[in-house]
Amino acid sequence: MSDPPNHRSLREGGTAREGEGADFPDPPPGTSGGGAPVRPDVTALFNWVSRQREQVLGWLDRIRSRKTGGDDPFNLNSVPLVADRLAGIATGLLAMIVVDRYYGPAGLGVFAWFFSLLAVAGYLACYGIPLFVENRIARSPESADDTCADALAALLALGAGAMILCAGAAFSIAGPGRQGDDPVLYLLLGPTIFFQNINTLRSAMLNATGRYAAAAGLRIRQRIVFLAATLVLCMADVPVPLLAAAFLISQIVMAGAGRKTVRLPAVSAILAGRKHMSQVMDKGRTFLFTDNLLDVVFYLDMLILGWFASPMELGIYARALILARLFLVVPGSLRPVFRRLANQRVAARLDHRLGMVIGSAARGLFFFHGVAAILVLLNFPRVMALVFGLQQWVGASFTVFALVLPGLIFFSAVTALEPVFEARQQAARLKRMTLVVATANLILNVNLIPLAGIEGAAMATAGAMLIHFFLFFRLLPPDLHTARISWPGAAAALYLTYALMAFTGIGMIFSLVVVPALFAMVLWMVGFFNPQPGRVPMGHMPASST
(Lines give C-alpha, C1' and ligand atoms only; values in the text may rest on other atoms or scores of the structure.)
Protein backbone atom coordinates (compact mmCIF):
# COMPACT_ATOMS: atom_id res chain seq x y z
CA MET A 1 0.00 0.00 0.00
CA SER A 2 1.30 3.44 -0.84
CA ASP A 3 1.29 6.32 1.60
CA PRO A 4 -1.19 9.16 1.16
CA PRO A 5 0.21 12.21 -0.64
CA ASN A 6 0.43 14.28 2.51
CA HIS A 7 2.46 11.60 4.31
CA ARG A 8 4.94 11.36 1.44
CA SER A 9 5.40 15.15 1.37
CA LEU A 10 6.22 15.25 5.05
CA ARG A 11 8.96 12.68 4.68
CA GLU A 12 10.48 14.40 1.67
CA GLY A 13 10.53 17.82 3.29
CA GLY A 14 7.41 19.15 1.51
CA THR A 15 4.38 20.84 3.02
CA ALA A 16 1.37 19.11 4.41
CA ARG A 17 -2.16 19.49 3.06
CA GLU A 18 -3.64 22.79 4.16
CA GLY A 19 -5.50 22.47 7.44
CA GLU A 20 -4.07 19.02 8.13
CA GLY A 21 -0.67 18.82 9.74
CA ALA A 22 0.48 22.21 8.43
CA ASP A 23 1.63 23.35 11.86
CA PHE A 24 3.97 20.40 12.39
CA PRO A 25 7.63 21.00 11.49
CA ASP A 26 9.54 18.85 9.08
CA PRO A 27 11.57 16.00 10.60
CA PRO A 28 15.30 16.59 10.95
CA PRO A 29 17.18 15.38 7.88
CA GLY A 30 19.09 12.85 9.99
CA THR A 31 16.00 10.55 10.16
CA SER A 32 13.41 9.20 7.77
CA GLY A 33 9.72 9.74 8.15
CA GLY A 34 9.44 6.62 10.25
CA GLY A 35 12.41 7.54 12.44
CA ALA A 36 14.94 5.14 10.83
CA PRO A 37 18.43 6.65 10.74
CA VAL A 38 19.87 7.59 7.36
CA ARG A 39 23.16 9.05 6.20
CA PRO A 40 23.36 12.66 7.40
CA ASP A 41 23.29 15.40 4.77
CA VAL A 42 24.90 18.70 5.86
CA THR A 43 23.10 20.74 3.19
CA ALA A 44 19.73 19.31 4.08
CA LEU A 45 20.40 19.88 7.77
CA PHE A 46 21.25 23.54 7.10
CA ASN A 47 18.07 24.00 5.04
CA TRP A 48 15.98 22.38 7.76
CA VAL A 49 17.45 24.68 10.45
CA SER A 50 16.78 27.70 8.22
CA ARG A 51 13.14 26.68 7.74
CA GLN A 52 12.66 26.26 11.47
CA ARG A 53 14.20 29.68 12.11
CA GLU A 54 11.87 31.28 9.55
CA GLN A 55 8.85 29.61 11.14
CA VAL A 56 9.81 30.82 14.62
CA LEU A 57 10.48 34.37 13.43
CA GLY A 58 7.20 34.38 11.53
CA TRP A 59 5.35 33.22 14.62
CA LEU A 60 6.98 35.98 16.69
CA ASP A 61 6.11 38.57 14.04
CA ARG A 62 2.46 37.49 14.08
CA ILE A 63 2.39 37.75 17.88
CA ARG A 64 3.91 41.25 17.87
CA SER A 65 1.76 42.50 14.98
CA ARG A 66 -1.41 41.75 16.95
CA LYS A 67 -0.25 44.13 19.67
CA THR A 68 1.04 46.97 17.46
CA GLY A 69 -1.40 46.98 14.58
CA GLY A 70 1.07 45.36 12.16
CA ASP A 71 4.00 47.74 12.75
CA ASP A 72 6.74 46.52 15.04
CA PRO A 73 9.24 49.23 16.02
CA PHE A 74 11.27 46.69 18.05
CA ASN A 75 12.45 44.61 15.09
CA LEU A 76 15.86 43.12 14.43
CA ASN A 77 17.04 46.45 13.03
CA SER A 78 17.07 47.84 16.56
CA VAL A 79 19.68 45.32 17.74
CA PRO A 80 22.73 47.00 16.13
CA LEU A 81 21.48 50.40 17.29
CA VAL A 82 21.24 49.23 20.88
CA ALA A 83 24.66 47.63 20.52
CA ASP A 84 25.99 50.95 19.22
CA ARG A 85 24.67 52.84 22.23
CA LEU A 86 25.97 50.15 24.55
CA ALA A 87 29.39 50.47 22.94
CA GLY A 88 29.24 54.23 23.41
CA ILE A 89 28.31 53.89 27.07
CA ALA A 90 30.87 51.13 27.65
CA THR A 91 33.77 52.94 25.97
CA GLY A 92 32.88 56.21 27.71
CA LEU A 93 32.67 54.42 31.04
CA LEU A 94 35.97 52.64 30.53
CA ALA A 95 37.67 55.84 29.37
CA MET A 96 36.45 57.62 32.51
CA ILE A 97 37.69 54.76 34.68
CA VAL A 98 41.10 54.79 32.96
CA VAL A 99 41.45 58.54 33.45
CA ASP A 100 40.30 58.19 37.06
CA ARG A 101 42.86 55.48 37.76
CA TYR A 102 45.75 57.41 36.19
CA TYR A 103 44.89 60.99 37.22
CA GLY A 104 42.46 60.65 40.14
CA PRO A 105 39.06 62.35 40.63
CA ALA A 106 40.52 65.79 39.96
CA GLY A 107 41.88 64.69 36.60
CA LEU A 108 38.58 62.98 35.84
CA GLY A 109 36.74 66.23 36.52
CA VAL A 110 38.94 68.18 34.11
CA PHE A 111 38.63 65.47 31.45
CA ALA A 112 34.84 65.36 31.83
CA TRP A 113 34.62 69.13 31.55
CA PHE A 114 36.62 69.16 28.30
CA PHE A 115 34.53 66.23 27.07
CA SER A 116 31.42 68.35 27.63
CA LEU A 117 32.93 71.29 25.78
CA LEU A 118 33.65 69.09 22.76
CA ALA A 119 30.16 67.57 22.83
CA VAL A 120 28.35 70.93 22.97
CA ALA A 121 30.57 72.56 20.34
CA GLY A 122 30.27 69.56 18.03
CA TYR A 123 26.50 69.48 18.40
CA LEU A 124 26.18 73.17 17.53
CA ALA A 125 28.58 72.83 14.59
CA CYS A 126 26.31 70.24 12.93
CA TYR A 127 23.48 72.81 13.03
CA GLY A 128 20.81 70.10 12.76
CA ILE A 129 21.78 69.29 9.16
CA PRO A 130 22.35 65.50 9.61
CA LEU A 131 18.91 65.16 11.16
CA PHE A 132 17.37 67.09 8.27
CA VAL A 133 19.12 64.76 5.82
CA GLU A 134 17.88 61.68 7.66
CA ASN A 135 14.27 62.85 7.58
CA ARG A 136 14.45 64.08 3.98
CA ILE A 137 15.88 60.86 2.55
CA ALA A 138 13.44 58.72 4.56
CA ARG A 139 10.52 60.65 3.05
CA SER A 140 11.93 61.17 -0.46
CA PRO A 141 14.61 58.58 -1.33
CA GLU A 142 14.83 59.86 -4.91
CA SER A 143 16.32 63.17 -3.69
CA ALA A 144 19.20 61.54 -1.78
CA ASP A 145 22.01 62.60 -4.13
CA ASP A 146 21.17 66.29 -4.24
CA THR A 147 20.32 66.43 -0.54
CA CYS A 148 23.61 64.83 0.52
CA ALA A 149 25.70 67.03 -1.77
CA ASP A 150 24.15 70.24 -0.45
CA ALA A 151 24.37 69.02 3.15
CA LEU A 152 28.03 68.03 2.84
CA ALA A 153 28.95 71.43 1.43
CA ALA A 154 27.24 73.13 4.37
CA LEU A 155 28.83 70.82 6.96
CA LEU A 156 32.31 71.31 5.51
CA ALA A 157 31.83 75.06 5.68
CA LEU A 158 30.67 74.84 9.29
CA GLY A 159 33.62 72.60 10.16
CA ALA A 160 36.08 75.03 8.60
CA GLY A 161 34.48 77.87 10.53
CA ALA A 162 34.84 75.89 13.75
CA MET A 163 38.54 75.37 13.05
CA ILE A 164 39.07 79.09 12.53
CA LEU A 165 37.19 79.98 15.73
CA CYS A 166 39.07 77.40 17.78
CA ALA A 167 42.42 78.59 16.44
CA GLY A 168 41.50 82.16 17.35
CA ALA A 169 40.44 81.07 20.83
CA ALA A 170 43.71 79.17 21.31
CA PHE A 171 45.82 82.21 20.44
CA SER A 172 43.66 84.54 22.52
CA ILE A 173 44.03 82.54 25.75
CA ALA A 174 47.74 81.81 25.26
CA GLY A 175 50.16 84.02 27.14
CA PRO A 176 51.43 84.81 30.64
CA GLY A 177 49.17 83.74 33.48
CA ARG A 178 47.34 81.14 31.37
CA GLN A 179 47.49 77.37 31.59
CA GLY A 180 49.88 76.35 28.86
CA ASP A 181 48.02 73.24 27.72
CA ASP A 182 44.62 74.91 27.14
CA PRO A 183 45.58 76.41 23.75
CA VAL A 184 46.59 72.94 22.55
CA LEU A 185 43.16 71.65 23.51
CA TYR A 186 41.40 74.27 21.40
CA LEU A 187 43.72 73.58 18.49
CA LEU A 188 42.63 69.92 18.67
CA LEU A 189 38.98 70.82 19.09
CA GLY A 190 38.60 72.43 15.65
CA PRO A 191 39.83 69.51 13.48
CA THR A 192 37.83 67.07 15.61
CA ILE A 193 34.62 68.96 14.84
CA PHE A 194 35.52 69.08 11.13
CA PHE A 195 35.85 65.29 10.80
CA GLN A 196 32.89 64.72 13.12
CA ASN A 197 30.63 66.65 10.74
CA ILE A 198 31.62 64.34 7.89
CA ASN A 199 30.99 61.23 10.00
CA THR A 200 27.59 62.37 11.24
CA LEU A 201 26.46 62.88 7.64
CA ARG A 202 27.53 59.34 6.77
CA SER A 203 25.57 57.97 9.74
CA ALA A 204 22.49 59.96 8.73
CA MET A 205 22.68 58.60 5.18
CA LEU A 206 22.91 55.02 6.43
CA ASN A 207 20.10 55.38 8.99
CA ALA A 208 17.77 57.02 6.47
CA THR A 209 18.09 54.03 4.12
CA GLY A 210 17.62 51.47 6.88
CA ARG A 211 21.29 50.36 7.02
CA TYR A 212 21.40 50.57 10.80
CA ALA A 213 23.98 47.81 11.19
CA ALA A 214 26.46 49.57 8.91
CA ALA A 215 26.04 52.90 10.72
CA ALA A 216 26.37 51.23 14.11
CA GLY A 217 29.48 49.35 12.96
CA LEU A 218 31.25 52.57 11.99
CA ARG A 219 30.47 54.25 15.30
CA ILE A 220 31.46 51.19 17.32
CA ARG A 221 34.81 51.09 15.53
CA GLN A 222 35.33 54.79 16.23
CA ARG A 223 34.60 54.31 19.93
CA ILE A 224 36.97 51.40 20.25
CA VAL A 225 39.73 53.48 18.65
CA PHE A 226 38.91 56.32 21.04
CA LEU A 227 39.22 54.02 24.05
CA ALA A 228 42.52 52.59 22.82
CA ALA A 229 43.93 56.06 22.12
CA THR A 230 42.84 57.27 25.57
CA LEU A 231 44.59 54.34 27.22
CA VAL A 232 47.80 54.93 25.28
CA LEU A 233 47.80 58.65 26.12
CA CYS A 234 47.17 57.91 29.80
CA MET A 235 50.04 55.42 29.86
CA ALA A 236 52.23 58.09 28.27
CA ASP A 237 51.30 60.39 31.19
CA VAL A 238 50.35 63.32 28.96
CA PRO A 239 48.62 66.38 30.50
CA VAL A 240 44.86 66.00 30.87
CA PRO A 241 43.89 68.52 28.15
CA LEU A 242 45.97 66.61 25.60
CA LEU A 243 43.71 63.60 26.06
CA ALA A 244 41.41 65.34 23.59
CA ALA A 245 43.71 64.01 20.87
CA ALA A 246 41.96 60.65 21.35
CA PHE A 247 38.76 62.15 19.95
CA LEU A 248 40.54 63.51 16.88
CA ILE A 249 42.28 60.20 16.18
CA SER A 250 39.02 58.24 16.44
CA GLN A 251 37.15 60.63 14.13
CA ILE A 252 39.91 60.43 11.50
CA VAL A 253 39.82 56.62 11.62
CA MET A 254 36.02 56.61 11.27
CA ALA A 255 36.21 58.97 8.28
CA GLY A 256 38.67 56.64 6.57
CA ALA A 257 36.71 53.47 7.35
CA GLY A 258 33.44 55.01 6.18
CA ARG A 259 34.69 55.40 2.61
CA LYS A 260 34.09 51.68 2.02
CA THR A 261 30.63 51.71 3.58
CA VAL A 262 28.97 54.68 1.88
CA ARG A 263 30.31 57.03 -0.77
CA LEU A 264 30.01 60.73 -0.20
CA PRO A 265 29.07 63.04 -3.10
CA ALA A 266 31.77 63.88 -5.62
CA VAL A 267 33.78 67.09 -5.44
CA SER A 268 31.90 68.56 -8.39
CA ALA A 269 28.57 67.92 -6.67
CA ILE A 270 29.87 69.51 -3.45
CA LEU A 271 31.02 72.60 -5.34
CA ALA A 272 27.62 72.82 -7.00
CA GLY A 273 25.97 72.45 -3.60
CA ARG A 274 27.59 75.64 -2.35
CA LYS A 275 24.75 77.57 -3.98
CA HIS A 276 22.24 75.88 -1.68
CA MET A 277 24.19 76.07 1.60
CA SER A 278 22.04 78.84 3.03
CA GLN A 279 18.87 76.90 2.26
CA VAL A 280 20.25 73.74 3.85
CA MET A 281 21.30 75.64 6.96
CA ASP A 282 17.85 77.18 7.25
CA LYS A 283 16.26 73.73 7.06
CA GLY A 284 18.79 72.24 9.44
CA ARG A 285 18.19 75.01 11.94
CA THR A 286 14.62 73.73 12.22
CA PHE A 287 15.96 70.45 13.64
CA LEU A 288 18.53 72.06 15.93
CA PHE A 289 17.86 71.28 19.62
CA THR A 290 15.20 68.71 18.63
CA ASP A 291 17.40 65.61 18.90
CA ASN A 292 19.45 64.30 21.85
CA LEU A 293 18.25 67.13 24.09
CA LEU A 294 19.14 65.28 27.26
CA ASP A 295 22.74 64.84 26.14
CA VAL A 296 23.07 68.56 25.48
CA VAL A 297 21.52 69.38 28.86
CA PHE A 298 23.93 67.02 30.63
CA TYR A 299 26.95 68.53 28.93
CA LEU A 300 25.70 72.04 29.60
CA ASP A 301 25.41 71.15 33.27
CA MET A 302 29.03 70.03 33.34
CA LEU A 303 30.20 73.24 31.67
CA ILE A 304 28.34 75.48 34.11
CA LEU A 305 29.38 73.34 37.08
CA GLY A 306 33.01 73.75 36.04
CA TRP A 307 32.78 77.48 36.72
CA PHE A 308 31.66 76.99 40.32
CA ALA A 309 32.88 73.56 41.47
CA SER A 310 36.33 72.15 42.09
CA PRO A 311 37.80 69.41 39.85
CA MET A 312 37.15 66.91 42.65
CA GLU A 313 33.44 67.74 42.72
CA LEU A 314 33.32 67.58 38.94
CA GLY A 315 34.73 64.06 39.14
CA ILE A 316 32.07 62.97 41.64
CA TYR A 317 29.34 64.45 39.47
CA ALA A 318 30.79 62.78 36.37
CA ARG A 319 30.68 59.38 38.08
CA ALA A 320 26.97 59.73 38.80
CA LEU A 321 26.26 60.83 35.22
CA ILE A 322 28.08 57.79 33.86
CA LEU A 323 25.47 55.57 35.49
CA ALA A 324 22.67 57.93 34.47
CA ARG A 325 23.63 57.66 30.81
CA LEU A 326 22.96 53.94 30.93
CA PHE A 327 19.27 54.82 30.89
CA LEU A 328 19.69 56.54 27.52
CA VAL A 329 20.95 53.47 25.70
CA VAL A 330 17.68 51.89 24.57
CA PRO A 331 15.58 55.02 23.82
CA GLY A 332 18.45 56.77 22.09
CA SER A 333 19.16 53.67 20.00
CA LEU A 334 15.56 53.20 18.92
CA ARG A 335 15.06 56.84 17.90
CA PRO A 336 16.22 56.30 14.27
CA VAL A 337 13.86 53.32 13.99
CA PHE A 338 10.92 55.37 15.26
CA ARG A 339 11.89 58.28 12.99
CA ARG A 340 11.86 56.12 9.88
CA LEU A 341 8.63 54.41 10.96
CA ALA A 342 6.87 57.73 11.58
CA ASN A 343 8.00 59.20 8.26
CA GLN A 344 6.83 56.12 6.37
CA ARG A 345 3.43 56.12 8.09
CA VAL A 346 2.88 59.82 7.44
CA ALA A 347 3.97 59.51 3.82
CA ALA A 348 1.52 56.58 3.37
CA ARG A 349 -1.27 58.54 5.13
CA LEU A 350 -1.49 55.98 7.93
CA ASP A 351 -1.37 58.52 10.76
CA HIS A 352 -4.17 56.79 12.64
CA ARG A 353 -1.87 53.84 13.42
CA LEU A 354 0.90 55.91 15.00
CA GLY A 355 -0.87 56.46 18.30
CA MET A 356 -1.22 52.76 19.08
CA VAL A 357 2.30 51.82 17.95
CA ILE A 358 4.17 54.63 19.69
CA GLY A 359 1.98 54.50 22.80
CA SER A 360 2.75 50.83 23.32
CA ALA A 361 6.45 51.51 22.83
CA ALA A 362 6.41 54.40 25.31
CA ARG A 363 4.74 52.31 28.01
CA GLY A 364 7.17 49.48 27.44
CA LEU A 365 10.16 51.80 27.70
CA PHE A 366 8.86 53.33 30.92
CA PHE A 367 8.37 49.91 32.48
CA PHE A 368 11.82 48.69 31.42
CA HIS A 369 13.64 51.76 32.73
CA GLY A 370 11.55 51.84 35.90
CA VAL A 371 12.63 48.30 36.76
CA ALA A 372 16.26 49.16 35.99
CA ALA A 373 16.10 52.30 38.16
CA ILE A 374 14.75 50.44 41.18
CA LEU A 375 17.39 47.73 40.88
CA VAL A 376 20.23 50.26 40.61
CA LEU A 377 18.99 52.26 43.58
CA LEU A 378 18.70 49.16 45.72
CA ASN A 379 22.26 48.07 44.88
CA PHE A 380 23.95 51.44 44.32
CA PRO A 381 26.88 50.99 46.76
CA ARG A 382 27.77 47.65 45.17
CA VAL A 383 27.63 49.15 41.69
CA MET A 384 29.90 52.06 42.61
CA ALA A 385 32.35 49.80 44.43
CA LEU A 386 32.44 47.43 41.48
CA VAL A 387 33.04 50.17 38.90
CA PHE A 388 35.26 52.66 40.72
CA GLY A 389 36.49 50.70 43.74
CA LEU A 390 36.10 53.71 46.08
CA GLN A 391 33.66 54.10 48.96
CA GLN A 392 34.19 57.60 50.34
CA TRP A 393 32.19 59.42 47.60
CA VAL A 394 29.32 56.93 47.24
CA GLY A 395 26.90 59.05 49.28
CA ALA A 396 27.38 62.17 47.14
CA SER A 397 27.13 60.18 43.91
CA PHE A 398 23.97 58.45 45.14
CA THR A 399 22.33 61.81 45.87
CA VAL A 400 23.14 63.10 42.39
CA PHE A 401 21.94 59.91 40.72
CA ALA A 402 18.70 59.75 42.73
CA LEU A 403 17.86 63.38 41.93
CA VAL A 404 18.42 62.98 38.19
CA LEU A 405 16.71 59.59 37.87
CA PRO A 406 12.99 60.63 37.76
CA GLY A 407 13.61 62.90 34.78
CA LEU A 408 15.55 60.15 33.03
CA ILE A 409 12.75 57.61 33.37
CA PHE A 410 10.04 59.91 32.05
CA PHE A 411 12.30 61.11 29.27
CA SER A 412 12.79 57.52 28.13
CA ALA A 413 9.08 57.38 27.32
CA VAL A 414 8.97 60.79 25.63
CA THR A 415 11.87 60.17 23.29
CA ALA A 416 9.86 57.42 21.59
CA LEU A 417 7.31 60.03 20.51
CA GLU A 418 9.63 62.80 19.30
CA PRO A 419 9.92 61.65 15.65
CA VAL A 420 6.18 62.24 15.25
CA PHE A 421 6.72 66.01 15.28
CA GLU A 422 9.50 65.74 12.72
CA ALA A 423 7.49 63.49 10.41
CA ARG A 424 4.53 65.88 10.53
CA GLN A 425 6.72 68.86 9.71
CA GLN A 426 6.26 70.29 13.22
CA ALA A 427 9.92 70.33 14.20
CA ALA A 428 9.74 74.09 14.77
CA ARG A 429 7.28 73.54 17.62
CA LEU A 430 9.53 70.88 19.13
CA LYS A 431 12.51 73.20 18.80
CA ARG A 432 10.74 76.03 20.65
CA MET A 433 9.84 73.63 23.44
CA THR A 434 13.39 72.38 23.81
CA LEU A 435 14.75 75.92 23.84
CA VAL A 436 12.38 76.69 26.71
CA VAL A 437 13.67 73.62 28.54
CA ALA A 438 17.31 74.58 27.90
CA THR A 439 16.66 78.12 29.13
CA ALA A 440 14.96 76.80 32.26
CA ASN A 441 17.88 74.45 32.85
CA LEU A 442 20.36 77.32 32.46
CA ILE A 443 18.47 79.51 34.93
CA LEU A 444 18.12 76.68 37.43
CA ASN A 445 21.82 75.80 37.19
CA VAL A 446 23.01 79.36 37.65
CA ASN A 447 20.82 79.77 40.74
CA LEU A 448 21.10 76.33 42.34
CA ILE A 449 24.76 75.44 41.80
CA PRO A 450 26.13 78.34 43.92
CA LEU A 451 23.75 77.31 46.72
CA ALA A 452 23.90 73.50 46.61
CA GLY A 453 26.88 72.58 44.43
CA ILE A 454 26.61 69.29 42.56
CA GLU A 455 23.25 68.55 44.18
CA GLY A 456 21.98 71.82 42.73
CA ALA A 457 23.12 70.76 39.26
CA ALA A 458 21.29 67.46 39.70
CA MET A 459 18.10 69.23 40.80
CA ALA A 460 18.35 71.57 37.81
CA THR A 461 18.64 68.65 35.42
CA ALA A 462 15.72 66.81 37.00
CA GLY A 463 13.56 69.92 36.91
CA ALA A 464 14.39 70.62 33.26
CA MET A 465 13.54 67.06 32.25
CA LEU A 466 10.19 67.15 34.03
CA ILE A 467 9.38 70.46 32.33
CA HIS A 468 10.25 68.84 29.01
CA PHE A 469 7.96 65.90 29.76
CA PHE A 470 4.92 68.02 30.61
CA LEU A 471 5.40 70.44 27.71
CA PHE A 472 5.83 67.59 25.27
CA PHE A 473 2.51 65.95 26.12
CA ARG A 474 0.80 69.31 26.09
CA LEU A 475 1.89 69.80 22.47
CA LEU A 476 1.07 66.25 21.37
CA PRO A 477 -1.45 66.23 18.45
CA PRO A 478 -5.04 65.36 19.49
CA ASP A 479 -5.22 62.31 17.24
CA LEU A 480 -2.29 60.76 19.17
CA HIS A 481 -4.08 60.97 22.49
CA THR A 482 -3.82 57.19 22.91
CA ALA A 483 -0.02 57.54 23.05
CA ARG A 484 -0.15 59.50 26.29
CA ILE A 485 0.64 57.87 29.61
CA SER A 486 -0.88 58.52 33.00
CA TRP A 487 2.09 60.13 34.72
CA PRO A 488 0.61 60.45 38.27
CA GLY A 489 -0.12 56.74 38.44
CA ALA A 490 3.23 55.87 36.87
CA ALA A 491 5.16 58.03 39.35
CA ALA A 492 3.22 56.63 42.30
CA ALA A 493 3.81 53.05 41.15
CA LEU A 494 7.53 53.72 40.77
CA TYR A 495 7.90 55.24 44.23
CA LEU A 496 5.70 52.63 45.93
CA THR A 497 7.63 49.74 44.39
CA TYR A 498 10.99 51.18 45.44
CA ALA A 499 9.75 51.97 48.96
CA LEU A 500 8.43 48.44 49.47
CA MET A 501 11.61 46.84 48.18
CA ALA A 502 13.84 49.11 50.27
CA PHE A 503 11.75 48.34 53.37
CA THR A 504 11.88 44.56 52.93
CA GLY A 505 15.63 44.57 52.24
CA ILE A 506 15.67 41.32 50.28
CA GLY A 507 18.82 40.26 48.53
CA MET A 508 19.94 41.23 45.08
CA ILE A 509 19.14 37.85 43.50
CA PHE A 510 15.55 37.83 44.75
CA SER A 511 15.02 41.47 43.75
CA LEU A 512 15.75 40.58 40.13
CA VAL A 513 12.60 38.46 40.17
CA VAL A 514 10.38 40.37 42.60
CA VAL A 515 10.90 43.93 41.30
CA PRO A 516 9.57 43.37 37.72
CA ALA A 517 6.57 41.41 38.96
CA LEU A 518 5.70 43.89 41.71
CA PHE A 519 6.19 46.94 39.48
CA ALA A 520 4.05 45.41 36.72
CA MET A 521 1.29 44.58 39.19
CA VAL A 522 1.21 48.10 40.65
CA LEU A 523 1.21 49.67 37.17
CA TRP A 524 -1.65 47.39 36.15
CA MET A 525 -3.62 48.40 39.22
CA VAL A 526 -3.33 52.11 38.35
CA GLY A 527 -4.37 51.44 34.73
CA PHE A 528 -1.01 52.36 33.23
CA PHE A 529 -1.10 49.75 30.45
CA ASN A 530 -4.53 50.83 29.20
CA PRO A 531 -4.46 53.42 26.36
CA GLN A 532 -5.90 56.81 27.23
CA PRO A 533 -9.36 57.20 25.65
CA GLY A 534 -9.78 60.08 23.28
CA ARG A 535 -11.46 61.22 20.10
CA VAL A 536 -9.69 60.97 16.80
CA PRO A 537 -10.26 63.87 14.37
CA MET A 538 -12.22 62.99 11.27
CA GLY A 539 -9.28 63.81 9.02
CA HIS A 540 -7.21 61.07 10.66
CA MET A 541 -9.83 58.31 10.76
CA PRO A 542 -9.06 55.16 8.81
CA ALA A 543 -10.80 54.80 5.48
CA SER A 544 -12.75 51.73 6.59
CA SER A 545 -13.03 49.53 9.62
CA THR A 546 -13.80 45.88 9.85
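Which residues does Phe-194 touch, not counting residues up to four places away in sequence? They are Leu-156, Gly-159, Ala-160 and Met-163, where contact means heavy atoms within 4.5 Å. Phe-194 sits in helix H6. Its C-alpha atom is separated by 4.1 Å from that of Gly-159, 35 residues apart along the chain.

This is a predicted model, in which local features need pLDDT of at least 70, side-chain atom pairs count only at pLDDT 80 or more, and totals for chains, interfaces and linings use all residues. Residues are numbered from 1 along each chain as its sequence is written, and side-chain values use heavy atoms, with hydrogens and water left out.

Now the whole chain. It holds 21 helices and zero strands. Helices (H or I, at least four residues) and strands (E, at least two) are DSSP runs, numbered from the N terminus. Of the 546 residues, 48% count as buried. Buried means under 20% relative accessible area, exposed over 50%, and partly exposed in between, with a 1.4 Å probe and protein chains only. Take the contacts with a separation of 6 or more: residues 24 or more positions apart account for 81% of them.

Next, the nonpolar cores. A nonpolar core is a set of buried Ala, Val, Leu, Ile, Met, Phe, Trp, Tyr and Cys residues joined through side-chain atoms within 4.5 Å. The largest has 104 residues. Tyr-317, Phe-366 and Phe-401 have the most contacts inside it. H3 gives the most to this core, with 15 residues. Domain 1 (77-287) and domain 2 (289-485) each contribute at least three residues; the bounds come from an automatic or database domain assignment. Phe-401 touches Ala-320, Leu-323, Ala-324, Phe-327, Val-376, Leu-377 and Phe-380, not counting residues up to four places away in sequence. Another core lies apart from the largest one. This other core has 25 residues, among them Ile-137, Leu-201, Met-254 and Ile-270.

Aromatic rings come next. Rings of Phe, Tyr and Trp (its six-membered ring) pair if their centres lie within 6.5 Å; planes under 30 degrees apart count as stacked, over 60 as edge-to-face and the rest as tilted. By this rule there are 16 aromatic pairs. One of them joins Phe-115 and Phe-247, tilted, at 5.2 Å centre to centre with 55° between the planes. Why does this pair tie together parts that are 132 residues apart in sequence? Because Phe-115 lies in helix H3 (residues 78-126) and Phe-247 in helix H8 (residues 245-257). Phe-115 is partly exposed at 22% relative accessibility, whereas Phe-247 is buried at 11%.

Phe-367 and Phe-519 form a stacked pair, 5.7 Å centre to centre and 10° between the planes. Phe-367 belongs to helix H14 (residues 354-378) and Phe-519 to helix H21 (residues 508-525), so this pair ties together parts that are 152 residues apart in sequence. Phe-367 is partly exposed at 22%; Phe-519 is buried at 0%. Both rings belong to one aromatic cluster, which also includes Phe-366, Phe-410, Phe-469, Phe-470, Phe-528 and Phe-529.

Finally, the cavities. A search of the whole structure finds three of 30 Å³ or more. On a 1 Å grid over the protein atoms alone, a cavity is a set of points where a 1.4 Å probe fits but cannot get out; lining residues have an atom within 4 Å of a point. Grid points are joined across faces, edges and corners, and a volume is the space filled by probe spheres set on the points. The second largest cavity has a volume of about 100 Å³. Its lining includes Phe-115 and Phe-247, the tilted pair. H3 gives the most to this lining, with five residues.

How values were computed: On a 1 Å grid over the protein atoms alone, a cavity is a set of points where a 1.4 Å probe fits but cannot get out, and a pocket is an open set with protein on both sides within 12 Å along at least five of seven lines; lining residues have an atom within 4 Å of a point.
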